[in-house]
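Me: I would like to go through this two-chain model with you, one topic at a time. Could you keep the answers brief?

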Amino acid sequence: MTTSLTREERLFQAIGQVDDVLLERLEQQLQLIEHAPATVDVPDSDVMNTRRRRWHRTGIASALAAVAVAACLLIFSPFWQNQSAMYTASEPVVNSYVSNQKLPGGDVSPSMQMPANGTFFYSHEVKQALQANQGKQVVFLVAIDLFHNRTPVAPDSEQTRAELKRLQQLQYQVGYTRYWTYSDEMQQTAGTMVAGYLTAAQLEQFAASPDYGYSIHFATNGDGSPLSAEQGIFTDPNDPALK
Amino acid sequence: MLNDEDIVQLYWDRHESAIEESSHRYGRYCYSISYNILHDSEDAEECVNDTWLRTWNAIPPQRPNKLAFFVGRITRNLSLDKYKAKKAKKRGGDMPSLLEELTECIPDSTNVEQTLLDQDLNQTINQFMHTLPERECNLFLARYWYGMSLSEMAERFKVKENNIKASLFRSRGKLKSYLIQEGIEL
């Protein structure tokens, strides 16, 4: 049969023989996207829809609620402009995570796990960018999700602001930045996220507080497109520039 | 519903219920693979039905760990065969566009008569897939393993179609370079 196949058909056929592990990874990724937070047993559709709406509402509410806090100083400093390069998500990403600690149960992807206090995850994409830029002076624009006792902390909360202040005192260029995501009606909705311009050293030896867990990934919009490095980081979640 | 191991054991024990269980568990999955290639319900159903017969003949001696991918591959190959038969009758489906895109991956050949053993090609493609970043690999497989349309991929990956096109374009270029590097001529 092979001799009757065109070159393209042979290639198509050969692609069909890739390792199961690659297909398994694809399936897992699709499930994570579709059912985040994923469960092994698929619940009935009503339950799932309710969960989706709840997570969506929580995310949007958390992001938008950040607009309600008092004004502070813009910290978009020239710090990173003095560096040789700025690294953002160079393309749309679907983040999967690596951890700074051995996970219970083995080396499973911690995508669906909340980081424990005092630990941090960063995504494979950030890890790859770190490896690709070893030895270079590069600053990474990353989003930082904050957790306390494995529970997400709202970006506009006092806890978040206090933790950002602590990191700023350690010379971390962290604060709030603007992004957009999709509403339930699939319309683009503006939001505010916690983000930072971090060096490789700051990422690799992240000064995690014993009170919080951190998930660090490239800062992206709802469709996975990267945020612009020029849009700045602000200490005040209510800054007009964030609207 | 039985799990993979139980169903495979039914095949090994030559219980005909193995086919019913396979169809129950993976019928829709196989149908979507076949339909993505053929875009014809009747042909896709025929391929899926043939899949169970092929599986019956293959197990034993084989004992797949992941039955979904095992039957999915069979469906995919049967659909490719069906596509070729359809092509002879000038009927399309989505395969022409899939294959046209894959043309970009094929190095210019100075010796068109040189034939590479399929096993070598399979191995090379597999090695290449492991060199791709995870996200890029997933998009590539969604398109060229599952034959998903760009719109379906955009919906399922929550990524814009243009970004998917860009990723696939990059991957095809990388694959071509890899095949040249490995001295592969199709």
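**Fold and burial of chain B**

Reply: Of the 186 residues of chain B, 38% count as buried. Please bear in mind that this is a predicted model.

Me: What is the secondary structure of chain B?

Reply: Chain B has nine helices and zero strands. Read from the N terminus, its elements run α-α-α-α-α-α-α-α-α.

Me: And what share of the contacts in chain B is between residues 24 or more positions apart?

Reply: Among contacts in chain B with a separation of 6 or more, 70% are between residues 24 or more positions apart.

Me: Let us turn to confidence. What is the mean pLDDT of chain B?

Reply: The mean pLDDT of chain B is 86, and 90% of its residues reach 70 or more. Helix H3 (residues 41-58) of chain B has the highest confidence, at a mean of 94, while H5(B) has the lowest, at 79.

Me: Where in chain B is the pLDDT below 50?

Reply: Residues 110-115 of chain B fall below 50, and beyond near neighbours in sequence this stretch has two contacts in the model. Where pLDDT is low, the predicted coordinates should not be read in detail.

Me: What are the ipTM and pTM of the model?

Reply: The ipTM is 0.83 and the pTM is 0.49.

Me: Now the interface. How many residues of chain B are in contact with chain A?

Reply: On the chain B side there are 35 residues, in contact with 33 residues of chain A. Five helices of chain B each supply at least two residues of that side: H4 (67-88), H5 (95-103), H6 (118-131), H7 (134-144) and H8 (150-157). H7(B) gives the largest share, seven residues.

Me: How does the side of chain B that touches chain A divide into nonpolar, polar and charged?

Reply: That side of chain B has 19 nonpolar, seven polar and nine charged residues.

Me: Staying with H7(B), at what angle do the axes of H7(B) and H9(B) cross?

Reply: The axes of H7(B) and helix H9 (residues 161-181) of chain B cross at roughly 95° and come within 9 Å. H7(B) is therefore roughly perpendicular to H9(B).

Me: Which residues meet there, in H7(B) and H9(B)?

Reply: From H7(B) they are Glu136(B), Leu139(B), Phe140(B) and Arg143(B); from H9(B) they are Ile164(B), Ser167(B), Leu168(B), Arg170(B) and Ser171(B). By class, this contact of H7(B) with H9(B) has four nonpolar, two polar and three charged residues.

Me: Over to chain A. Why is strand S8 of chain A largely enclosed by the rest of the structure?

Reply: Strand S8 (residues 213-218) of chain A is largely enclosed because six of its six residues are buried.

Me: In which sense do S3(A) and S8(A) run, parallel or antiparallel?

Reply: Strand S3 (residues 120-123) of chain A and S8(A) run parallel, joined by three bridges. Phe120(A) stands opposite Tyr214(A) of S8(A).

Me: And how many bridges pair S4(A) with S8(A)?

Reply: Strand S4 (residues 138-148) of chain A pairs with S8(A) over six bridges, in the antiparallel sense. Val142(A) has Phe218(A) in S8(A) as its bridge partner.

Me: Next, Tyr176(A): buried or exposed?

Reply: Tyr176(A) counts as buried because it has 30 C-beta neighbours inside 10 Å. Tyr176(A) is found in strand S6 (residues 173-182) of chain A.

Me: Finally, backbone geometry. Which peptide bond at Pro60(B) is cis?

Reply: The bond joining Ile59(B) and Pro60(B) is cis, with omega about -15°. The bond from Pro60(B) to Pro61(B) is also cis, with omega near 15°. Most residues other than glycine have a negative phi, and most peptide bonds are trans.

Me: What is the phi of Gln171(A)?

Reply: Gln171(A), although not a glycine, has a positive phi of about 75°. Gln171(A) is in the loop between helix H5 (158-169) and S6 of chain A, and it counts as exposed, with 10 C-beta neighbours inside 10 Å.

Me: And the phi of His39(B), what is that?

Reply: His39(B) has a positive phi near 55°. His39(B) is placed in the loop between helix H2 (17-38) and H3 of chain B. With 18 C-beta neighbours inside 10 Å, His39(B) counts as partly exposed.

How values were computed: Residues numbered from 1 in each chain as written. Chains lettered and ligands numbered in written order. Predicted model: local features only at pLDDT ≥ 70, side-chain atom pairs only at ≥ 80, totals over all residues. Contact = placed C-beta atoms within 7 Å. Helix = DSSP H or I, 4+ residues; strand = E, 2+ residues; numbered from the N terminus. Nonpolar A, V, L, I, M, F, W, Y, C, P; charged D, E, K, R; others polar. Axes fitted to C-alpha atoms, helices over the stretch in contact; angles between N-to-C directions. Parallel < 35°, antiparallel > 145°, perpendicular 65-115°, else oblique. Buried ≥ 20, exposed ≤ 12 C-beta atoms within 10 Å, placed from the backbone. Pairing = 2+ DSSP bridges. pLDDT = per-residue confidence, 0-100.
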